[in-house]
Amino acid sequence: MRLAYWMYEGTAHHGVGRIANSMRGVHAVFHAPQGDDYVNPIFTMLERTPSFPHMTTSVVSGRDLAQGTIHLPETLRQVEARFHPDLIVVCASCSTILLQEDLQRTAASAEIQTEVLVYNANPYRMQEISAAEGLFTLLTQRYARPQALTAQPSVNLIGPASLGFHVRSDLIALRRMLATLGVAVNVVAPWGAALSDLERLPAAWVNIAPYRELGLGAAQFLEQQFGTPTIYTAPIGVVPTQRWLEHLVTLLNEVGARNRGPVLTMPKLTAFSLDGMSAPSGVPWFARTADMDSFSRKRVFAFGDATHTVGVIKFLRDELGMEIAGAGTYLAHQADWVREQLAGYLHDELLVTDQFQEVARRIEQDIPDLVCGTQMERHSCRKLDVPCLVVAPPTHIENHLLGYYPFLGFEGADVIADRVYTTTKLGLEKHLIDLFGDAGLEYKNQVASSSDDAQMTDAEYGAETATQHLPDSGVTAGELVWSPEAQAMLKKVPFFVRRRAQHNTEKFALERGHTIITPDVLRAAKEQVGG
Amino acid sequence: MPAQSTPIVLREDSAYHSFCGLTCVGWLYQKIKDSFFLVLGTHTCAHLLQNVLGVMVFARPRFGVALMEEADLSRPQPDLSHLIAEIKTDHHPSVIFLLSSCTPEVMKVEFEGLASRLSTPELPVLFVPASGLDYTFSQAEDSVLQALLPFCPQAPAEDKRIVFLGSVNDMIADEFTAEAEQLGLPVGGFLPASHFTALPAIGPGTVVAPLQPYLAKVANRLARERGATVLASLFPFGPDGTRAFWEDLAALFGKQVDLQDREAAAWERLAEHTTLLRGKKVFFTADNLMELPLARFLRNAGSEIVECSSPYINRRFHARELAALEGVPIVEQPNFDRQLRDIAKYKPDLVISTMGTTNPLLGQGVVAKWSTEFAFMPIHGWTGVATLAGMFTQSLKRHSHLAALDDPVWTAGFMPSVG
């Protein structure tokens with residue numbers, strides 16, 4: 001048993017809720033104590049749903065357990081009367097699953113017209129992502145029907161779901177590229193799909209399943225069962241997007257050749273831009289401009305789900321020319337795939353953990369120039385004064401903004417590059433600060449309080465924490481003592497890099513068996529490890 | 001106390017939306033500054049806490065979940081000793097509250113014994129029943145205070161002082177202390193105090209003055225076990241409630257205090273708000289257990305209460321509030337489905353509703369406001385009246401300023417499953 005403060009993934013029933021809240025006519029019923037209803041506000045608050053999410057908790061109370069009462073049949077009747085769904089998915093909670101009730105029989109006793117699926121999502125064996133993926137695969141297997149292909153080239157977009165990371169913008173990016181190619185969207189699922197749409201899935205010429213976490217099983221099933229070719233890669237970055245488009249055109253033309261369909265040609269790349277006449281992405285030129293030179297020395301650590309970690313690492317190295325300090329994922333079941341994808345990109349082991357403290361420790365040891373992570377890494381990085389941008393779920397209210405911020409496609413490449421640029425400390429500006437000190441930033445020295453904290457910008461926060469992080473002279477850091485002179489000297493190191501200088505010096509001193517860090521030790525360390 | 005006629009309280013099937021008792025951790029760990037709240041629970045509990053309490057914004061939350069995983073399900077009595085050691089090293093608390101949750105309750109974990117085995121004189125580990133099987137939202141504060149009860153020193157019978165009951169922030173606590181002193185009423189302290197080590201003495205002379213309406217059980221135990229007198233009045237919300245609270249409290253000390261002018265002056269200051277509230281139909285769907293006094297304040301401010309529902313109503317502890325709501329439909333453990341039909345039927349001007357239901361209600365064109373917010377705002381006493389009134393009128397004003405959202409196009413695409 002361990003002490004948990006925060007989790008990357010939600011629970012199994014949250015995963016079920018994500019599918020239900022994505023689909024038309026599907027309603028989830030949680031056979032659970034009232035508290036399990038907390039997943040409902042996650043949807044209504046983060047996605048600001050203007051209607052009630054398709055999920056209902058069939059409340060189990062202590063008194064019900066004592067008296068052997070079960071409200072599930074009554075809840076099913078209420079849900080049928082109020083929501084008129086096509087399908088009700090019932091699942092147990094972490095507590096009610098221990099009761100080993102026959103929910104199938106109980107649900108049948110409700111005698112409703114609506115189809116009821118009891119989904120066996122064991123919360124001790126699966127979490128949010130496996131539960132969502134498992135349910136969506138199951139629904140696809142249940143409802144997809146053999147049928148003729150559409151007359152015109154078409155694709156399914158498989159995997160976008162409620163509470164997905166930047167999912168609305170990614171869908172727009174995908175739709176825009178398909179429209180430019182002249183390819184119709186047959187079905188998007190689970191996002192916005194009804195069961196009748198799942199039935200129509202096999203009519204598409206090609207499946208697009210960009211997310212490793214959701215839609216993979218469904219696409220594999222469609223490929224095996226109906227022979228629908230599938231593109232499993234995520235078009236993250238400019239070159240991957242070009243390859244993705246070419247792959248798509250090739251697959252569609254292969255299908256077209258067999259079915260005497262039209263032959264697609266790749267339009268001019270400018271056709272993919274927002275105005276139809278510019279570069280589809282600014283990244284290739286941007287990366288070659290002078291001030292981006294300094295990016296070759298910038299080291300990035302990335303941590304997140306599988307799709308985004310892999311996509312972002314490749315993009316940062318291949319297209320922005322940054323150095324990869326390391327990567328990790330909280331999805332243990334995807335770790336092998338991530339390792340395989342990032343072969344040649346990583347100098348050390350992929351970090352696989354669902355404990356954020358381990359990730360924070362790794363960042364603290366390394367002090368990279370940029371961290372790409374989840375909201376939790378962003379939080380850890382604030383404390384460490386390391387620039388961080390959020391590239392992966394779990395989503396946070398700040399990932400549900402109103403503007404168009406895709407991560408996929410050409411426009412996604414622009415969005416990621418812009419965020420990397422504005423998040424990291426810049427080139428020339430940084431040289432000046434490195435040379436001459438602190439640019440006045442560190443004298444702000446605000447008084448920290450939890451209420452001010454929320455209003456502080458990252459820059460202010462950085463200035464403040466950098467000052468706080470100075471080791472007190474005479475105070476031990478591990479087994480080490482900083483002499484007042486060395487401490488004063490460290491203070492002259494620009495605050496952007498001071499943490500790393502401190503860490504490197506302490507590491508150097510420990511290795512050499514020093515117990516007191518004097519200016520000489522500091523100088524020697526600087527010479528040895530370059531500050 | 002004069003006999004009150006008690007209005008009929010309907011009870012439905014509990015099919016409403018709210019949070020479980022674990023949410024009380026959110027304010028109590030901040031209130032009791034030398035505490036740690038340890039939930040024996042599952043991934044679900046951890047996911048709940050991080051979503052509801054926004055854990056990430058705090059650097060070192062003094063609460064965590066002893067995470068039960070599959071292998072732990074076969075052990076009837078979990079071993080938490082290494083976690084207690086970890087908490088001790090990392091957080092140095094004076095007290096650890098061990099909260100139950102649904103899974104160990106279903107497994108019939110024997111919590112009292114577990115807590116007492118982990119407890120040492122230096123670091124007590126106190127069992128707090130809080131599971132969603134039995135406790136809603138703020139209700140679990142009652143359990144926390146009951147756990148603290150044995151650590152309140154015994155006050156001698158001649159020590160006749162007030163102990164205010166219920167967690168309020170330091171500013172409000174100071175205000176109540178100052179107000180009592182002004183009225184010549186001696187204050188013994190607050191339960192909970194800001195520190196475990198500073199709990200108030202309670203004895204037969206103590207007058208317990210409940211500040212929060214969700215503490216019926218601990219109030220009852222203070223009377224039964226310590227012989228304390230529990231003030232039976234309105235809760236100190238709004239000019240009406242605050243006046244009754246202080247007058248009745250003074251009366252328990254043999255002092256006759258007339259706060260009529262003070263109440264009138266407070267209403268006068270609220271004129272801008274009461275103008276807006278007068279005649280407005282307000283509906284409470286049930287969530288924070290503060291519904292009865294909030295509805296009573298609004299009724300006295302001139303609103304019409306269409307329905308006042310609450311997760312838990314105690315006919316004795318809430319007697320005065322219930323009496324003040326005579327004629328208002330009051331429902332305990334309501335059915336949200338039925339409430340939605342009634343909202344459609346009676347078209348209230350304002351619905352006070354839960355975090356999960358407010359945006360969807362707004363999407364239907366109903367002006368709705370989070371009930372959760374009331375649990376975190378300084379709305380007590382004389383200084384809280386403007387904040388309290390403002391919380392209701394803010395929504396009304398805001399929505400009257402914004403253009404009506406009468407074209408569904410403005411919500412198109414926000415929800416994949418609809419539209």
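Colleague: Against which elements do the buried residues of α2(A) pack?

Modeller: Contact means heavy atoms within 4.5 Å. In chain A, the buried residues of α2(A) pack against α1 (12–22), β2 (26–32) and β3 (55–59). From chain B, α2 (43–52), α15 (355–363) and β14 (368–370) also take part in this packing. The model is predicted, with local features needing pLDDT of at least 70 and side-chain atom pairs pLDDT 80 or more, whereas totals for chains, interfaces and linings use all residues. Residues are numbered from 1 along each chain as written, chains are lettered from A and ligands numbered from 1 in written order, and side-chain values use heavy atoms, without hydrogens and water.

Colleague: How many residues of helix α2 of chain A are buried?

Modeller: Buried means under 20% relative accessible area, exposed over 50%, and partly exposed in between (1.4 Å probe, protein chains only). Helix α2 of chain A, residues 39–46, is mostly covered, with eight of its eight residues buried. Among them are Val39(A), Pro41(A), Ile42(A), Phe43(A) and Leu46(A); Asn40(A) and Thr44(A) also belong to this set. After α2(A) comes Arg48(A), which has a positive phi, near 50°.

Colleague: How many helices and strands does chain A have?

Modeller: Helices (H or I, at least four residues) and strands (E, at least two) are DSSP runs, numbered from the N terminus. Chain A has 22 helices and 17 strands, while chain B has 16 helices and 14 strands. The C-alpha trace of chain B spans about 60 × 60 × 40 Å along its principal axes.

Colleague: What share of the residues of each chain counts as buried?

Modeller: In chain A, 59% of the 531 residues are buried; in chain B, 61% of the 419 residues are. Of the contacts in chain A with a separation of 6 or more, 72% are between residues 24 or more positions apart. For chain B, 74% of the contacts between residues at least 6 apart in sequence join residues at least 24 apart.

Colleague: How many salt bridges are there over all chains?

Modeller: A salt bridge is a side-chain nitrogen of Lys or Arg within 4 Å of a carboxyl oxygen of Asp or Glu. The count over all chains comes to 33 salt bridges. One of them joins Arg378(A) and Glu398(A), at 3.6 Å from N to O. This pair links distant parts of the chain, 20 residues apart: Arg378(A) is in helix α15 (residues 375–384) of chain A, and Glu398(A) is in the loop between β14 (388–390) and α16 (409–423) of chain A. Arg378(A) is partly exposed, at 23% relative accessible area, and Glu398(A) is partly exposed as well, at 40%.

Colleague: Which residue forms a salt bridge with Glu12(B)?

Modeller: Glu12(B) pairs with Arg338(B), and their closest N and O atoms are 2.9 Å apart. Glu12(B) lies in the loop between β1 (9–11) and α1 (25–31) of chain B and Arg338(B) in helix α14 (residues 336–346) of chain B, so the pair ties together parts 326 residues apart in sequence. Glu12(B) is partly exposed, with a relative accessible area of 24%, whereas Arg338(B) is buried, at 15%.

Colleague: Where do Lys31(B) and Asp170(B) lie?

Modeller: These two residues form a salt bridge, with the closest N and O atoms 3.3 Å apart. Lys31(B) lies in helix α1 of chain B and Asp170(B) in helix α7 (residues 170–182) of chain B, so the pair ties together parts 139 residues apart in sequence. Lys31(B) is buried, at 9% relative accessible area, and Asp170(B) is partly exposed, at 36%. Salt bridges that share partners also join Glu12(B), Glu307(B), Arg338(B) and Asp342(B) into one network.
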